[in-house]
Each structure stands twice: as structure tokens, then as C-alpha cells.
Amino acid sequence: MADPDGFLYACVGRYSESLVLFDQVLLADPGNTGALLGKAVALDRMGRYADALAVIGKIHATDRLQSDAWYLEGFILYHRGDLVQALSCLKEALKLDPRHAEAWCAGGNCHYHLGEQDEAMECYEAAIRIDHAYPKAWYNKGVVLSDTRRYEEALLCYDEVLRLNPGVAAVWTNKGYCLAMTGRYQDAVDAFTSALEINPADITAWNDKAAALRRLGRDEEAEFCTGKVIEISRNRGPSLVL
């Protein structure tokens with residue numbers, strides 16, 4: 001059994017400390033699948049993708065029927081940008097466990113970034129059928145619907161996310177965008193305000209709130225929002241070459 005403290009540290013972002021604890025477990029039990037998975041998750045969160053994949057390889061070496069290992073390999077490859085290879089791993093996970101909601105959702109993300117919106121939607125809907133209370137799948141479904149200008153349907157998805165977890169700024173921002181695109185500018189302003197109460201540095205919310213306020217003829221308030229956009233942009237460093 002993996003050290004529960006290792007997972008606790010990983011959950012709160014203390015990945016280096018979680019690695020120490022997982023390594024302690026693995027020193028005594030090198031084949032401990034739980035500790036290997038936990039270590040791979042921590043390495044992935046630290047951006048050490050090659051190291052994380054090497055850990056997953058140790059699981060595959062002894063058990064290629066471990067669905068979580070295939071899922072995690074796919075998720076790591078997704079983070080690294082290897083979308084096609086990630087999908088291959090996620091499909092392996094779903095062959096072993098067709099009710100792996102996280103694998104369906106991660107597969108949807110791969111399809112989305114490959115421009116395959118229909119396939120992405122199918123994956124998110126599969127995840128929701130398995131786990132109706134899965135905020136990430138509802139959110140991602142909303143993004144696809146918004147991208148295809150199905151704003152009313154997207155709003156239903158964002159409302160479901162907010163019912164499950166009202167404290168995520170990006171959901172309020174996306175909801176505000178959909179409301180603005182359907183002409184409900186005051187409701188949009190209210191949604192952007194909710195987003196900014198959670199994350200005052202949400203530059204998209206400030207920018208879109210300014211646009212909605214101008215639609216309402218509230219130019220002075222809009223100028224304040226535009227000023228916040230400039231202020232936040234100025235405080236950001238230069239974009240890095242990838």
C-alpha cells in the first residue's frame with residue numbers, strides 16, 4: 001500500500017515532499033503499484049514528463065492490465081503534447097475499464113486539441129454518463145458547445161459545473177461570455193463580477209466585462225475594467241519561447 005501522506009502532499013502541491021515519501025515506500029516494496037502511480041503523478045505535476053513515463057514503464061513491465069497506468073501514461077503524454085500517442089494509451093485504459101471516466105475526459109481533451117470536436121463531445125458525454133457529478137467533463141462539454149456557438153446549451157453545462165463547484169473563476173468567465181453572446185449583457189456583467197471576486201487577476205473576465213459594460217452604455221465603468229487589463233498585462237513577464 002502506498003503512503004497516504006505521499007498522496008496528501010501531492011494533493012496540496014508539495015510534490016517534492018510527496019516524492020520522498022513514495023520513494024520510501026518503494027525502497028521497501030519496489031513493485032508497489034500505488035506508490036509508483038503516486039510518484040508518476042507527482043513527477044507529471046512537476047513537468048518531469050520523461051521521469052514520470054519511466055515510472056509508468058515499471059508498472060507496465062510487471063502488469064500491462066493496469067488501467068490506471070495506461071490512463072496516467074496517456075495523461076502525461078497529453079501534458080507533453082503528444083496527443084495521438086496519448087489517445088492510444090487512453091484507448092488501452094478504456095479497453096480494460098470502459099467506465100474509466102477520467103480516461104474518457106482526457107481522451108476528449110486530446111480530440112479537442114486535435115480539432116476533432118465531435119469526437120471530443122462524445123468522450124465528455126461518455127464521462128458524464130458514467131459520473132454525472134463530474135465538473136471537469138461538464139465544463140469541457142460547455143467549452144465545445146461554446147466554440148460551436150451553441151451558447152444556450154453551453155450555459156446549461158456551466159450552470160451544472162457551478163452547481164457542483166461554484167468557486168472556479170473560469171466557469172463564471174465562460175458563462176459570462178455565453179451570456180454576452182446571447183445579448184444578456186447585465187447577466188454577463190454579473191457573471192464576470194463573480195469570476196473576478198474569485199480571481200481578481202482574470203484578465204479575460206476584465207476584458208469581457210468591459211465589452212459588456214460598453215454594450216450597456218456604462219463607459220466609465222468599462223474604462224476602469226480596461227485599466228485593469230492594462231495593469232495586469234503590464235505586470236506579466238514576457239512570453240517564453242517554447
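At what angle do helix α2 and helix α3 pack, and how far apart are their axes? The legends below start there. The model is predicted.

**Close-up 1. Helices α2 and α3 pack at an angle of about 155°.**
Helix α2 covers residues 15–28, and helix α3 covers residues 33–45. Their axes lie 9 Å apart. Angles over 145 degrees count as roughly antiparallel, so α2 and α3 are roughly antiparallel to each other. Their crossing is left-handed. From α2, the contact draws on Y15, S18, L19, F22, D23, V25 and L26. From α3 come A35, L36, G38, K39, A42, L43 and R45. By type, the residues of this contact are 9 nonpolar, 2 polar and 3 charged.

**Close-up 2. Helices α4 and α5 cross at roughly 160°.**
Here the pair is helix α4 (residues 49–62) and helix α5 (residues 67–80). Their axes come within 10 Å. The angle makes α4 roughly antiparallel to α5. This crossing, of α4 and α5, is left-handed. On the α4 side, Y49, A52, L53, I56, I59 and H60 make the contact. On the α5 side, the residues are A69, W70, L72, E73, I76, L77, H79 and R80. The contact of α4 with α5 holds 10 nonpolar, 2 polar and 2 charged residues.

**Close-up 3. Y151 and Y177 form an edge-to-face aromatic pair.**
The count of aromatic pairs comes to 5. In the pair of Y151 and Y177, the rings sit 6.2 Å centre to centre, with 75° between the planes. Y151 belongs to helix α10 (residues 151–164) and Y177 to helix α11 (residues 169–181). The pair therefore ties together parts that are 26 residues apart in sequence. Y151 counts as buried, at 11% relative accessibility. Y177 is partly exposed, with a relative accessible area of 33%.

**Close-up 4. W206 and F224 pair edge-to-face.**
The ring centres of W206 and F224 are 5.9 Å apart, and their planes stand at 70°. W206 lies in helix α13 (residues 203–215), and F224 lies in helix α14 (residues 219–235). The pair links distant parts of the chain, 18 residues apart. W206 is buried, at a relative accessible area of 10%. F224 counts as exposed, at 53% relative accessibility.

**Close-up 5. Y71, F75 and Y78 form a cluster.**
Ring pairs link these residues, Y71, F75 and Y78.

Key: Residues are numbered from 1 along each chain as its sequence is written. This is a predicted model: local features need pLDDT of at least 70, side-chain atom pairs count only at pLDDT 80 or more; totals for chains, interfaces and linings use all residues. Side-chain values use heavy atoms; hydrogens and water are left out. Axes are lines fitted to C-alpha atoms, for helices over the stretch in contact, and angles run from 0 to 180 degrees between N-to-C directions. Helices (H or I, at least four residues) and strands (E, at least two) are DSSP runs, numbered from the N terminus. Angles under 35 degrees count as roughly parallel, over 145 as roughly antiparallel, 65 to 115 as roughly perpendicular and the rest as oblique. A crossing is left-handed if the near helix is turned anticlockwise from the far one by less than a right angle, and right-handed if clockwise. Contact means heavy atoms within 4.5 Å. Ala, Val, Leu, Ile, Met, Phe, Trp, Tyr, Cys and Pro count as nonpolar, Asp, Glu, Lys and Arg as charged, and the others, Gly among them, as polar. Rings of Phe, Tyr and Trp (its six-membered ring) pair if their centres lie within 6.5 Å; planes under 30 degrees apart count as stacked, over 60 as edge-to-face and the rest as tilted. Buried means under 20% relative accessible area, exposed over 50%, partly exposed in between (1.4 Å probe, protein chains only).
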